[in-house]
Amino acid sequence: MASKFTVSNGTGWLMAGPAVLLIAGFVILPFFLAFAFSFTNQRLISPNATEFVGLANYRQLLDVTTVTLEPVRDDAGAIVIKDGAPEYPSLRTLTRNNPDRPDLAGMREWFSFSLGGEDRTYVLARDVVFMTAVINTFIFVLIVAPVQAGVALGLALLINQRLRGINVFRAIYFMPVVVSIVVVSLLWRLIYDGQSGLLNNLLGAISFGMIPPVDWLGNPSTALGAIIAMSIWQAVGFHMVIWLSGLQTISPTLYEAAAIEGASKWQVFRYITWPGLRNTAVLILIVITMQAFGLFAQIDVMTNGGPLDSTQTIVFQAIERGYGKQDISGGSAISVILFVIVLSISLIQRWLTREKT
Amino acid sequence: MARISLKNLKKSYGSTHVIKGVDIEIDDGEFCVFVGPSGCGKSTLLRMIAGLEDISSGELQIGEKVVNELPPAQRGVAMVFQSYAIFPHMTVRENVAFGLTISGASKEEKDAKVAEAARILQMEHLLDRRPSQLSGGQRQRVAIGRAIVRKPQVFLFDEPLSNLDAALRMDMRMEIGKLHQQLGATMVYVTHDQVEAMTLADKIVVLKDGQVMQIGAPMDLYHDPANLFVAGFLGAPSMNFLKVKVQGVNGGKVLVSNGALDPVEVSGKRALFKVGDEAILGLRPQYLAVAQGAGRLHGAVALTERLGAETVVEIALKDGNPLIAALSQDAVFDIGAQMNLDFDPDKAHLFPNEPGAGSVNKH
């Protein structure tokens, strides 16, 4: 029996053709190319032939190891104290041209910690910037996903009322969604400005000058938080609308039945609204997580990954590497890693939120 | 004690008046049915009693207490909805226990009360199922179970059987009747189905366009309808209405006739009839019989429906108007055959011919 796809539907294929070709050319093909490139040393433009390099790109990105060092002791065996803390041998002696530790060659310190004793454990990574990008991305996702979903739900509950002019509020909350993220980022760069930004002026005005101006995007400790806040604000309206559609599928008679039984507002939410939003919640959580992992435009417009790599993210690194440094294979490897991360998280989320029978 | 008393109750949405001043007294333990065509305001009235709709004006008392402004939960009512309104993500047990969960009852109390409700409704075997695994009748049982665990003073039913198929509807109708006897609570029941109204009610309230047409026991309404609307609404097939001329008035008796009806003297208690007036004569199809002699009504058979126990005959009267007779016998009539009918004048109803008083064109 002939397949449904090949039987007498030439017109159908003709209509779908352009879209299929474009999707194949710009989505499906690059997806597989990324996998292929990540195992080679392909560069954007290079006179040299491409070579298969196995997992070298991944090793370069993901290689992490630990080294535990004893403090430096003087001739008497006492610990040398420098600037109020014990002094440790320089890591450079291990990672630079050390014939005893070829495995550590080229690695850099990521962070270090002490487990109480005198010894100090150093975590070394071959690509510290990438590791920072991974951590930043996870922080971004872990904050944005619950906060954005929660705020969106709160707004949806607020605008799911029969009030005069409620559509005005719906429009206001939804407005940032229709503005391009690039434009939003440019505007927020002005808001976050360290000298005369709107936020600093506002804080100064409501605190009567008690809060000094902060260079929100220029300070490593506030830059990521500033981008998180802006990103939540920008997309919250979109998720609000999805929540709203979920809210409106809940039958009003359920609320009436609950009212007759004497349920309080919280009990109504707990027993009727929230269970009724179950599928919506799964959808929103997965959508936000995926969008958050793709964080790029805000970084590119507002901070370029700085200051001091405090706003590096995985996608920003992928693009920076692939096009900035013309290292397509490295960028591809990052993309594949991101794909694996997002896929596993989505599967975990689906498993956690499965219908329990 | 839970008497319900509605005093000049009104409801309007802006300039649209939905309930136009309704007075009803429902005694403690009474089964009261609101019946009327769709859009008559019967559901709105019930929802006003429940507290789901605001009362625009008038006074509502439940158990001697004015409850106009009380939220639904504090009125001591339980309600069963047409769409069941059972919570889809909870098991039957959780659904039935919902009111108890809300009020923070202990697990033992919940178990005991749910078990009792399940016993009364014969649904012990359903307790651990989810609503999606239940049939329509079972769902409605769960909804009723949720209503009875709280032992409310008043039960409100909003067309509870409309979503069920005919056979199930009859079963559940009987169950609700039994439940009323068992619990002895005041029940208010909304339906558009006159059979439910006639079989269940102690008291029927017939509503039309937000106004009470008549209140009374089912048989009082059937045998003595106050107006054309009630006369036409109750009974199946519905009452025949014939336009007649008043020929003579003799005390309480009025002599009427028309082109197909020989002069007949009927009771004229519903209005002051004068000679020459037009009036409407109401004849129930069941009270018409094939005349032994000349009869009073003359026409020709237009259509017959044999139902076994009775035969419904549509007759084209001599003056061209149709007439339905439900003859309590299985008989064969030839289409077009001349037919003379007779009836007991005491069982005929004479109504004044007021425009808008009722649907005269309804046979």
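What share of the contacts in chain A with a separation of 6 or more is accounted for by residues 24 or more positions apart? In this predicted model, such residues account for 59% of those contacts, where two residues are in contact if their C-beta atoms, placed from the backbone, lie within 7 Å. Local features need pLDDT of at least 70 and side-chain atom pairs count only at pLDDT 80 or more, whereas totals for chains, interfaces and linings use all residues. Residues are numbered from 1 along each chain as its sequence is written, and chains are lettered from A and ligands numbered from 1 in the order in which they are written.

**View 1. Chain A and its two domains.** Chain A is divided into domain 1 (64-125) and domain 2 (129-352), with bounds that come from an automatic or database domain assignment, and the centres of these domains, taken over C-alpha atoms, are separated by 40 Å. Chain A has 14 helices and five strands; helices (H or I, at least four residues) and strands (E, at least two) are DSSP runs, numbered from the N terminus. The C-alpha trace of chain A spans about 85 × 70 × 50 Å along its principal axes.

View 2. A:Val236 is found in helix 8 (residues 223-248) of chain A. This residue is buried because 25 other C-beta atoms lie within 10 Å, the term buried requiring 20 or more other C-beta atoms within 10 Å of a residue's own. Leaving aside neighbours within four places in sequence, A:Val236 is in contact with A:Gln148, A:Val151, A:Ala152 and A:Leu155. The C-alpha atoms of A:Val236 and A:Leu153, which are 83 residues apart along the chain, are separated by 9.1 Å.

**View 3. The nonpolar cores.** A nonpolar core is a set of buried Ala, Val, Leu, Ile, Met, Phe, Trp, Tyr and Cys residues joined through C-beta atoms within 7 Å. The largest nonpolar core has 111 residues, and those with the most contacts inside it are B:Val33, B:Ile49, B:Leu156, B:Val188 and B:Leu281. Not counting residues up to four places away in sequence, B:Val33 touches B:Tyr189, B:Thr191, B:Ala197, B:Leu200, B:Ala201, B:Ile204 and B:Val205.

**View 4. Where chain B touches chain A.** Here 16 residues of chain B are in contact with 14 residues of chain A. Strand 6 (77-80) and helix 3 (98-102) of chain B each supply at least two residues of the side of chain B that touches chain A.

Conventions
Buried ≥ 20, exposed ≤ 12 C-beta atoms within 10 Å, placed from the backbone.
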